[in-house]
Amino acid sequence: MSSALSELKRFIFWDYKRASWQYDVMVGLILAFIFLVPREWFRDQPKAASIVMLPAGHDANAYWIEPELLSSASDAGRTAAAQSLLESRTHKQLHVVRIETIIDSEEETKGYIAYTRP
């Protein structure tokens, strides 16, 4: 009984020397868990493209728009596309004043910030 409890304690606290067979078994169990457990067990689903309201000034609102939502719009039509998209999602009459493109260090578009007024 005491030796089983001692082994369980060593297992939990990972108290085995590297390159021992117990250490190798532990690493094998961890790798098996990582690669063999289905992702549905963790409800890991792809993230849907979204729109998020950001804090802004008193008379204006700002919205973060995922790049996938405006990818089909041209540069000239992006403001109109953002306005119709925001109105359909918020169910409010909004006027998009301007849109800022957010670009990362590798020149990839990460999203858009649309500034609106009611």
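**View 1. The side chain of D104 reaches a backbone atom.** A polar atom of the D104 side chain lies 3.1 Å from the backbone nitrogen of E106. D104 itself sits in the loop between β3 (95-103) and β4 (109-117); strands here are DSSP runs (E, at least two residues), numbered from the N terminus. With 19% relative accessibility, D104 is buried (buried means under 20% relative accessible area, exposed over 50%, partly exposed in between, using a 1.4 Å probe and protein chains only). This is a predicted model, in which local features need pLDDT of at least 70 and side-chain atom pairs count only at pLDDT 80 or more, while totals for chains, interfaces and linings use all residues. Residues are numbered from 1 along each chain as its sequence is written, and side-chain values use heavy atoms, leaving out hydrogens and water.

**View 2. D104 also pairs with K110.** Here the two side chains meet in a salt bridge, 3.8 Å from N to O (a side-chain nitrogen of Lys or Arg within 4 Å of a carboxyl oxygen of Asp or Glu). K110 is partly exposed at 41% relative accessibility. Side chains of opposite charge can pair when their charged atoms come close.

**View 3. E100 meets R98.** This salt bridge spans 2.5 Å, N to O. Both partners are partly exposed: E100 has a relative accessible area of 29% and R98 one of 41%.

**View 4. D75 joins R78.** The closest N and O atoms of this salt bridge are 3.0 Å apart. D75 is exposed at 61% relative accessibility, whereas R78 is buried at 14%. The whole structure holds four salt bridges.

Key. Helices (H or I, at least four residues) and strands (E, at least two) are DSSP runs, numbered from the N terminus. A polar contact is a pair of N or O atoms within 3.5 Å; within protein, one must be able to donate a hydrogen and the other to accept it, and residues adjacent in sequence count only if both atoms are side-chain atoms.
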